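Open the model in your viewer and keep the selection tool at hand.

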Amino acid sequence: MDTRIKLKVLGLTYSQVQKGAYALVLAEENGPRRIPVVIGVSEAQSIAISLEGIVPPRPITHDLFVSFSHGFGIRLKEVCIYKFENGVFSSEMLFDDGTREIRIDARTSDAIAIALRTRSDIYVMQNIIDEAGFVYEENEGKEVVETEELPEEKSLSNCSRKELKERLEKAIASEAYEEAARIQDELNKRDNNL
């Protein structure tokens, strides 16, 4: 069996590859390599909500899935990104009900959104991180990521951290998840620059 590398979720950013999409940045837990996974807006919103620890007023799809599985005594043990083909990552989720284990194929974005909610481990196969991973250049101990600032980001960049958190809560409460994802992205950028 190939070696697996444990990952952590580093954050979200706007995709430089695909307009209207986001990049989920995964990082080696004990290493410098990163893997960008292009994901859709709804998955980015779900991941952003989970990363910030916000509970929406009504459950979104990934929350519903977790509640359903827990209701039947099924837990997610881990997620593994096992294939990278034509720019698409494939993942499987390992579930356990106490008597048996079952592996289910899933989109990587959905698998990660659920793993964040259940605090499950995330892995990638060594050959995939060798092929798709890269190392950020470091400058004075801070990661340097070149991104083109969008108009929405400019207005958010003028807000204080407190104002951003207030705006994020309002966006979640009104179910404006795309705006919430933009606000969360700004908060993540500030956290990474600390």
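Which residues have the most contacts inside the largest nonpolar core? They are Leu24 and Leu26, in a core of 37 residues. A nonpolar core here is a set of buried Ala, Val, Leu, Ile, Met, Phe, Trp, Tyr and Cys residues joined through side-chain atoms within 4.5 Å. Buried means under 20% relative accessible area, exposed means over 50%, and partly exposed lies in between (1.4 Å probe, protein chains only).

Before going on, note that this is a predicted model, in which local features need pLDDT of at least 70, side-chain atom pairs count only at pLDDT 80 or more, and totals for chains, interfaces and linings use all residues. Residues are numbered from 1 along each chain as its sequence is written, and side-chain values use heavy atoms, with hydrogens and water left out.

**The cores**

Select Leu24 and show what surrounds it. Apart from neighbours within four places in sequence, Leu24 is in contact with Val9, Gly11, Leu12, Ile35, Pro36, Val37, Ile39, Ile47 and Ile112. Contact means heavy atoms within 4.5 Å. Return to the largest core, with its 37 residues. Its largest share, six residues, comes from H3. A second, separate core has 12 residues, including Ile60, Cys159, Ile183 and Leu187.

**The sheet**

Next, colour the strands. Helices (H or I, at least four residues) and strands (E, at least two) are DSSP runs, numbered from the N terminus. Eight strands make an open sheet with mixed pairing, in the order S6-S5-S4-S7-S1-S2-S3-S8. The edges are S6 (101-107) and S8 (134-135), each of which pairs on one side only. Two strands pair if DSSP finds at least two bridges between them.

Now select S4 (residues 75-85) together with S7 (residues 121-125): they pair in the parallel sense over four bridges. To find one of these, pick Ile81, whose bridge partner in S7 is Val124.

Then show H1 (residues 41-52), which lies across S1 (4-14), S2 (22-28), S3 (33-39) and S6. H1 runs at about 105° to S1; axes are lines fitted to C-alpha atoms, for helices over the stretch in contact, and angles run from 0 to 180 degrees between N-to-C directions.

Move to Ser90, in strand S5 (residues 88-96). Is Ser90 buried or exposed? Ser90 counts as buried because its relative accessible area is 15%. Beyond neighbours within four places in sequence, Ser90 touches Cys80, Ile81, Tyr82, Lys83, Ala106 and Thr108.

**Salt bridges**

How many salt bridges are there? The count is 13, where a salt bridge is a side-chain nitrogen of Lys or Arg within 4 Å of a carboxyl oxygen of Asp or Glu.

Select Lys6 and Asp121, which form a salt bridge with their closest N and O atoms 3.2 Å apart. This pair links distant parts of the chain: Lys6 is in S1 and Asp121 in S7, 115 residues apart. Lys6 is partly exposed at 29% relative accessible area, and Asp121 is partly exposed at 30%.

For another pair, go to Arg117 and Asp63, whose side chains meet in a salt bridge at 2.5 Å, N to O. Arg117 sits in H3 (residues 108-118) and Asp63 in H2 (residues 61-71), 54 residues apart. Arg117 is buried, with a relative accessible area of 17%.

Finish at Arg100 and Asp97, joined by a salt bridge at 3.6 Å, N to O. Arg100 is exposed at 57% relative accessibility, whereas Asp97 is partly exposed at 31%.
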